Amino acid sequence: MYNVSDDYLAAVAAKVREDKVTGTITLADGNTIEVNDTVLVRDSLKLTKELCSGKYRIGTFNLSCLRFSIFIGNALGLDLTGATAELSYSIAIEENNFASVPLGTFLVDPVLSVRRKNILSITAFDRGVMFDREPSAELRALEDTPANIIIAVCEECGVGTDIEETSFDDMPNSSITVSAGEKQIQTCRDIVMWCCALLCGYAVIDRAGKLAVISAKYSVTASDSSVIDTDREISAAERRSIIVTDTRAYIKYLTAYVGKDVVNYESEFVSADEQ
């Protein structure tokens, strides 16, 4: 999700490399705390994915979680409410010339962050948490394409996006009219997930802190190199779940709800190799 130069890739693959972490923690009052290798607790920096249902799935909105610890004198007295953390990873591609990759902008969780004497352990999540809010009446009344609905949700939540009205033209259901007024929808995150499910994709926050929708396709490459792709028009009134089992026999179930009626779909593929 982030393009780097060939020199950067070569530096990462080298047997010996010089790298560093830099950034800031910005408190709600505007004061900043510098983060660098001199204060960073060794091996404490971790960037992980907090995946819906434990894995990438169609119709999910997946978060990133940043964890790190620093040495600081007044750890016990810091108010982390409303704080943000923004870090970058840099690697030397030649002497005294570093190439940097942003890790993103993260919102500090003051409850999960821990203060212990002179060590401050930060837990922060990307801007996806800003979608955990109740939609406004105006947003619930909006009826439009999935792209325009997602754009409107991002504007309401104060999160940027590079999505445009035509961004999803090649994805399923991109031209249908959907509504955020469904009773199952309780948060702005639900709206994004609802649209992603219709588009056969999932949502993430990219390194620039903007919302992006990734196209997801179920595909299986058999011994004869054939590929199975599933594209089916799904109405806004349907919800679905997909289960894939076994390593050689792929059985896919689709359950759609239209009102109170349940419609089940099933397809299967069995590998033709000797195993």
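This is a predicted model: local features need pLDDT of at least 70, side-chain atom pairs count only at pLDDT 80 or more; totals for chains, interfaces and linings use all residues.

Colleague: How many residues of strand β8 are buried?

Modeller: Buried means under 20% relative accessible area. In β8, which spans residues 119–125, seven of the seven residues are buried.

Colleague: Which residues point one way from β8, and which the other way?

Modeller: Ile119, Ser121, Thr123 and Phe125 point one way, while Leu120, Ile122 and Ala124 point the other way. All of them are buried.

Colleague: In which sense do β4 and β8 pair, and over how many bridges?

Modeller: Two strands pair if at least two bridges are found between them. Strand β4 (residues 63–71) pairs with β8 in the antiparallel sense over seven bridges; Ser69, for instance, has Ser121 of β8 as its bridge partner. Strand β6 (residues 97–108) also runs antiparallel to β8, joined by two bridges, and Val108 is bridged to Ala124.

Colleague: What do β7 and β8 form?

Modeller: They form a hairpin with two residues between them, and Lys117 in the turn has a positive phi of about 55°.

Colleague: Which residues touch the most other members of the largest nonpolar core?

Modeller: Among its 30 residues, these are Phe131, Ile150, Val153 and Leu211. Elements that each supply at least two residues of this core include α3 (146–157) and β12 (211–215). A second, separate core has 28 residues, including Val35, Leu66, Tyr89 and Leu120.

Notes
Residues are numbered from 1 along each chain as its sequence is written. Side-chain values use heavy atoms; hydrogens and water are left out. A nonpolar core is a set of buried Ala, Val, Leu, Ile, Met, Phe, Trp, Tyr and Cys residues joined through side-chain atoms within 4.5 Å. Buried means under 20% relative accessible area, exposed over 50%, partly exposed in between (1.4 Å probe, protein chains only). Helices (H or I, at least four residues) and strands (E, at least two) are DSSP runs, numbered from the N terminus.
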